Amino acid sequence: ALAAAVRTFDGEGRTADGQRVELLANVGDPAEAEAAAASGAQGVGLFRTEFAFLDRTEAPTVEEQVAAYGRVLAAFEGRKVVVRTLDAGADKPLPFLRAAPEANPALGVRGLRVAETHPHVLEDQLTAIARAAADHPGTTTWVMAPMVATVDEAEGFVAACARHGLGTAGIMIEVPSAALLAAPMLAHAAFASVGTNDLTQYTMAADRLLGAVARLSDAWQPAVLRLVEMAAAGGAAQGRPVGVCGEAAADPALAVVLVGLGVTSLSMTPRALPDVAAVLAATTSQECRRLARLAVTAPGADHARSVVRGGLTVLDELG
Ligand code: PEP
Ligand code: MG
């Protein structure tokens with residue numbers, strides 16, 4: 001059954017009983033987007049645009065951005081690309097922004113917060129995305145903002161996108177406040193994508209890059225899963241899709257749990273797509289919900305992981 005599922009993987013993720021789960025690719029630059037398209041990915045759920053800004057002494061011009069984004073949109077003609085606006089800050093510093101040094105960069109002026117200190121950066125980027133989208137009308141272009149923490153920020157970002165003619169604007173849910181307020185945020189935003197890397201970091205108060213706290217930096221932590229569940233419920237209440245684009249989506253067993261929690265799409269490194277598709281294809285939506293319930297009620301991350309993995313015999317066939 002598994003081999004058949006792998007063979008028939010066409011980007012259309014489905015559970016064994018036919019519930020659709022959109023399976024998308026995370027990409028970091030035009031070359032990666034072209035490789036992802038060539039490997040059969042059916043769309044991009046997270047296009048990290050930092051590549052256009054990092055290691056630059058001067059801000060990229062609108063024209064440079066239009067060209068770079070256009071290559072990604074061209075690679076996914078007829079499909080969807082979710083473009084994430086710049087996620088930089090004191091942790092990923094941009095020389096031309098000359099941001100003030102911060103004692104706690106992960107908690108500082110990062111992501112959408114840069115739009116307040118340097119409004120022209122977001123304005124130029126939205127101008128460029130809108131132009132690239134107009135150059136590639138065959139591609140469905142969605143835009144989303146990183147590090148959204150308040151309903152006002154969600155509303156402000158959606159309004160800014162609308163001023164640029166970008167009609168499908170969403171938010172990342174990667175701060176616990178956004179998961180808690182997913183429903184009111186999704187009254188404004190057209191969709192949400194849960195960034196489990198940062199959501200885990202901020203929920204567990206554990207630096208995502210610090211090996212000494214790796215035990216806590218684990219998306220299997222039931223507290224993180226409960227916030228994902230809350231985000232998905234907020235989307236369901238508003239009739240809006242809520243996906244996951246953090247590393248968690250690339251773990252086939254965790255993907256089953258995320259679907260069981262109500263997540264409608266999974267975006268991941270392209271090489272993880274076939275295994276995630278195969279495990280979903282072998283698992284019914286009812287089983288996804290049952291395993292998700294076991295995971296959110298587990299006493300810890302290791303317990304959640306082992307009880308779910310133990311319930312998925314299909315994993316043995318992956319090798
Ligand atoms: C995340 O935080 O899960 C995410 C997808 O964004 P990034 O890894 O770029 O911070
Ligand atoms: Mg993030």
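The model is predicted, so to speak of local features here takes pLDDT of at least 70, side-chain atom pairs count only at pLDDT 80 or more, and totals for chains, interfaces and linings use all residues. Residues are numbered from 1 along each chain as its sequence is written, while chains are lettered from A and ligands numbered from 1 in the order written.

**Overall fold**
- The chain has 14 helices and nine strands (DSSP runs numbered from the N terminus: H or I of at least four residues for helices, E of at least two for strands).
- Its radius of gyration is 19 Å, close to the 20 Å from the globule rule for 319 residues, so the chain is as compact as a globular protein of that length (taken over C-alpha atoms; the rule is 2.2 Å times the number of residues to the power 0.38).
- The C-alpha trace spans about 50 × 40 × 35 Å along its principal axes.

**Around ligand 1**
- Leu46, Arg48, Asp87, Glu174, Gly195, Thr196, Asn197, Asp198, Cys245 and Gly246 sit around ligand 1 (C-beta atom, placed from the backbone, within 6 Å).
- Strand S3 (43–48) and helix H9 (196–204) each give at least two shell residues, and H9 has the largest share with three.
- By class, that shell is two nonpolar, four polar and four charged (Ala, Val, Leu, Ile, Met, Phe, Trp, Tyr, Cys and Pro are nonpolar; Asp, Glu, Lys and Arg charged; the others, Gly among them, polar).

**H3 against H5**
- The axes of H3 (residues 62–75) and H5 (residues 119–135) come within 8 Å and cross at roughly 45° (lines fitted to C-alpha atoms over the stretch in contact, angles from 0 to 180 degrees between N-to-C directions).
- That makes H3 oblique to H5 (under 35 degrees is roughly parallel, over 145 roughly antiparallel, 65 to 115 roughly perpendicular, the rest oblique).
- Their contact has eight nonpolar, four polar and three charged residues.

**H11 against H13**
- H11 (residues 252–260) and H13 (residues 285–296) pack at about 100°, axes 7 Å apart, and are therefore roughly perpendicular.
- Val256, Val257, Val259 and Gly260 in H11 meet Cys288, Arg289, Leu291, Ala292 and Ala295 in H13 (C-beta atoms, placed from the backbone, within 7 Å).

Conventions. Two residues are in contact if their C-beta atoms, placed from the backbone, lie within 7 Å.
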